[in-house]
Amino acid sequence: GLLTQGKVAEGSIVNVGRSYVAVGVRTGAPKPDIGNAAALRQALIDAGRVVAPSSTSGRFVRDQVVPKLNLPDTVTLTLEARGTEAAEALRAGRADLSIGPTSELVQETGIEVVGLLPADLQLVQTFTAAIVGDSTAPEAAGRLIEFLSSDTDLLLAAIRRAGMERPRD
């Protein structure tokens with residue numbers, strides 16, 4: 001849509017990273033099995049209190065994952081404004097599990113990533129770079145996009161550290 005509106009320059013759109021939705025626990029807490037839908041359901045029931053950001057991933061969990069798992073009323077999902085607030089709720093003990101983008105969970109101290117949601121319950125978020133249609137520095141923007149889409153060891157390591165991977169498209 002941004003391309004057809006002229007908000008980004010044609011030919012400049014490049015997918016640079018992909019993040020998945022994961023489950024996190026407080027550092028040192030037991031890591032539940034979440035390897036399939038049944039195991040994730042049981043982990044959520046055992047936790048009882050779950051937190052997620054109110055962004056795309058949290059709304060996806062609320063609107064898609066929770067209904068598919070048919071969770072009992074004893075499981076409460078709280079959506080916090082941002083991932084940092086969801087992480088704080090987990091660290092403070094107001095929740096026992098956090099669900100959110102891996103790229104957010106790995107940045108938080110006091111939280112360990114348990115693993116990714118099972119494939120049949122997963123939301124893949126792709127991060128894209130593009131030159132803004134009315135950019136005053138399109139050449140510099142193009143060089144940045146070229147760097148972000150390169151396969152240098154340094155860049156690929158940074159993408160992995162950020163809890164993401166290179167898109168396969």
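For the charge count I took Lys and Arg as positive and Asp and Glu as negative, leaving out His and the chain ends. On that basis I found 17 positive and 20 negative side chains in the protein, with the centres of the two sets lying 2 Å apart.

**Confidence.** I noted that this is a predicted model, and that the protein averages a pLDDT of 95, with 99% of the residues scoring at least 70. Among the elements, I saw the highest mean pLDDT, 98, in helix α1 (residues 37-47), and the lowest, 93, in helix α6 (residues 153-161).

**Overall layout.** I looked up six helices and seven strands, which follow one another along the sequence as β-α-β-α-β-α-β-α-β-β-α-α-β. The C-alpha atoms fill a box of roughly 55 × 35 × 25 Å along the principal axes, and of the 169 residues, 38% count as buried. Among contacts with a separation of 6 or more, I found that 78% join residues 24 or more positions apart.

I turned to S57, which lies in helix α2 (residues 56-69). Is S57 buried or exposed? I put S57 down as buried, because its relative accessibility is 1% and the cut-off for buried is under 20%. Setting aside neighbours within four places in sequence, I listed V21, G100, P101, L123 and Q125 as the contacts of S57.

I then checked S98 in strand β4 (residues 97-101), which is also buried, with a relative accessible area of 2%. Not counting residues up to four places away in sequence, S98 touches A22, V23, G24, V51, A86, L90 and L105.

Terms used: Residues numbered from 1 in each chain as written. Predicted model: local features only at pLDDT ≥ 70, side-chain atom pairs only at ≥ 80, totals over all residues. Heavy atoms only, no water. pLDDT = per-residue confidence, 0-100. Helix = DSSP H or I, 4+ residues; strand = E, 2+ residues; numbered from the N terminus. Buried < 20%, exposed > 50% of the residue type's maximum accessible area, 1.4 Å probe, protein only. Contact = heavy atoms within 4.5 Å. Charge placed at Lys NZ, Arg CZ, Asp CG, Glu CD.
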